[in-house]
Amino acid sequence: MLAEAGFDVYALDSSSAMVEHTRSRLAGLVPRSEAERRVLRGDMRDLSVFDDESFQLVVALGILHQAESRAVWEAAVLEVARVLVDGGRLLGAAWCPRTRPEGLPLEPAPDEESVYLGPHSGRHYLLGPSEHDDEMRLLGFMSEVPTEEVRVSTERGERVTINSLYRRVRS
């Protein structure tokens, strides 16, 4: 959608299938070689393929809750901070602890605060809206709009996400 609107889009995904799918979609708007250069396979903790302060906007929908620990989550957020210009924005949506995708509460991990065990998806570092804002503030991000908790019914339960828009503030 952003590419169709004329934005200069780059994408990173850990799934080879999603990388190929995104390349195919982008190839309808730019030459295939350019789509291959702009859509890469990678990890949220390592955005080293991108220069410091190279983006005005990072979109991380369903990304940060994939962190297995606070350390992984923080590494990903710091990489986003590194690639954003001062005043750049991070648009995010991530599960919160109240999500119940299979109809049952997520189980807290016994070894780390704010880590939950998904029914089939492993460990997730999850925060509620105010905790998320507090943690993001410590890493150089200020809320642009109030962070919201959004509930969506699923086939067997409900997905509860926190939706946010932050501005990068360099000190």
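In what order do the three strands of the open sheet stand? In this predicted model, the order is β5-β6-β7, and the pairing is antiparallel. Select β5 (107-108) and β7 (122-125), which stand at the edges with a single partner strand each, so that one side of each has no neighbour in the sheet.

Next, select β6, residues 115-118, together with β7: the two run antiparallel and are joined by four bridges. Within this pair, show Tyr116, which stands opposite His124 in β7.

Now move to β3 and β4, which run parallel and are joined by six bridges. If you display Leu57, you will find Arg89 of β4 standing opposite. Tracing the chain from β3 through α3 to β4 takes you along a β-α-β crossover, which is right-handed.

The largest share, seven residues, comes from α3. The core has 25 residues, and those with the most contacts inside it are Trp73, Leu90 and Phe141.

Finally, centre the view on Trp73 and show its surroundings: leaving aside residues up to four places away in sequence, Trp73 touches Leu64, Ala67, Tyr125, Leu127, His132, Glu135, Met136 and Leu139.

Technical notes:
Residues are numbered from 1 along each chain as its sequence is written. This is a predicted model: local features need pLDDT of at least 70, side-chain atom pairs count only at pLDDT 80 or more; totals for chains, interfaces and linings use all residues. Side-chain values use heavy atoms; hydrogens and water are left out. A nonpolar core is a set of buried Ala, Val, Leu, Ile, Met, Phe, Trp, Tyr and Cys residues joined through side-chain atoms within 4.5 Å. Buried means under 20% relative accessible area, exposed over 50%, partly exposed in between (1.4 Å probe, protein chains only). Contact means heavy atoms within 4.5 Å. Two strands pair if DSSP finds at least two bridges between them. A crossover is right-handed if, with the strands pointing away from the viewer, the path from the first strand over the helix to the second runs clockwise.
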